[in-house]
Amino acid sequence: MTPFEDAVHVCIDMQRIFASGGVWETPWMERVLPVVVEIAGRFKERTIFTRFITPQTAEDRPGQWQNYYRRWKAATREHLRSDHLDLVPELRRFVPPASIIDKPSYSAFYHSRLDSFLRQKGVRCLIVSGAETDVCVLSTVLDAVDRGLGVVLVEDALCSSSDAGHEALMTMYRTRMQEQILLVSSGELFETWQPR
């Protein structure tokens, strides 16, 4: 099997809450957005966008999440404008045929319909883009690896608010997980991935 066989593009959390002016602004997002737009535009039918959906109040989440959302009260739906959980406009236009899967936590697999969606479609590999490299992307990638899925990370389509965090994770993927995770540029992706 080639790494790109039976693959879908999973774009993690490219939402207004992470865009310029958002509560969790990720400055890199603007830099990688054109690449993500090109990937999603070329592979609309094979793209899944995830959205991180925050709780109404901090008390709606268990354990340490309550402390987290007390700190980030502005990100709870009680205080946040609802459109800030939407995809950025540049990507929203691809839905449909692209799909949206909402999630309440870092991993796109946790309490979401992603796992059943992928099994139903016979997906064996995730091509991953989005935000943030060292939080939601990391959590999703590790869950995908645990499920035995192939993972392809598009290096120029990932962003973080932490240069150090991003670089540390890219180093880890290169040096510790080469059998399960492949790193490519968007140019290499376009040359290699020809979905049926």
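Which side chain makes a polar contact with the side chain of Thr50? Select Thr50 and Asp13 to see the pair: their side chains meet in a polar contact of 2.8 Å. Keep in mind throughout that this is a predicted model.

**Stop 1: Thr50 and strand S2**

Stay on Thr50. It belongs to strand S2, residues 47-52. Is Thr50 buried or exposed? Thr50 is buried, with a relative accessible area of 1%. Now show its contacts beyond four places in sequence. They include Val10, Cys11, Ile12, Asp13, Met14 and Gln15. Leu87, Ile101, Lys103 and Ala108 also touch Thr50.

S1 and S2 run parallel and are joined by four bridges. To find one of the residue pairings, pick His9, whose bridge partner in S2 is Thr47.

**Stop 2: the sheet**

Now colour the strands. What is their order in the open sheet? Read across six strands: S3-S2-S1-S4-S5-S6, with parallel pairing. Look to the edges for strand S3 (99-103) and strand S6 (181-184). Each has a single partner strand, so one side of each is left without a neighbour in the sheet. Ignoring direction, neighbouring strands of this sheet are turned by 25 degrees against each other on average.

Move to S4 (residues 125-131) and S5 (residues 150-159). These strands run parallel, joined by six bridges. Select Cys125: its bridge partner in S5 is Gly150. Then bring in helix H6, residues 163-176, which packs on the sheet and touches S5 and S6. The directions of H6 and S5 make an angle of about 155 degrees.

**Stop 3: Leu91**

Go to helix H3 (residues 89-92) and select Leu91. Leu91 is buried, and its relative accessible area is 0%. Which residues does Leu91 touch, not counting those up to four places away in sequence? The set is Cys11, Met14, Leu33, Val36, Val37, Ala40 and Phe49. For a distance check, draw a line between the C-alpha atoms of Leu91 and Ile48. They are separated by 11 Å, and the two residues are 43 apart along the chain.

**Stop 4: aromatic rings**

Show the aromatic side chains. The whole structure holds twelve aromatic pairs. One of them is Trp24 with Phe52, an edge-to-face pair at 5.6 Å centre to centre, with 90 degrees between the planes. Trp24 lies in the loop between strand S1 (7-12) and helix H1 (29-42), and Phe52 in strand S2, so the pair ties together parts that are 28 residues apart in sequence. Both Trp24 and Phe52 are buried.

Ring pairs link Trp24 and Phe52 into a cluster with Phe18, Trp65, Tyr68, Tyr69, Trp72 and Tyr106.

**Stop 5: charges over rings**

The charged end of Arg71 sits over the ring of Trp72, 3.9 Å from the ring centre. Arg42 lies over the face of Phe190, at 3.8 Å from the ring centre.

Notes:
Residues are numbered from 1 along each chain as its sequence is written. This is a predicted model: local features need pLDDT of at least 70, side-chain atom pairs count only at pLDDT 80 or more; totals for chains, interfaces and linings use all residues. Side-chain values use heavy atoms; hydrogens and water are left out. Helices (H or I, at least four residues) and strands (E, at least two) are DSSP runs, numbered from the N terminus. Buried means under 20% relative accessible area, exposed over 50%, partly exposed in between (1.4 Å probe, protein chains only). A polar contact is a pair of N or O atoms within 3.5 Å; within protein, one must be able to donate a hydrogen and the other to accept it, and residues adjacent in sequence count only if both atoms are side-chain atoms. Contact means heavy atoms within 4.5 Å. Two strands pair if DSSP finds at least two bridges between them. Axes are lines fitted to C-alpha atoms, for helices over the stretch in contact, and angles run from 0 to 180 degrees between N-to-C directions. Rings of Phe, Tyr and Trp (its six-membered ring) pair if their centres lie within 6.5 Å; planes under 30 degrees apart count as stacked, over 60 as edge-to-face and the rest as tilted. A charge sits over a ring if NZ of Lys or CZ of Arg is within 6 Å of the ring centre and within 35 degrees of the ring normal.
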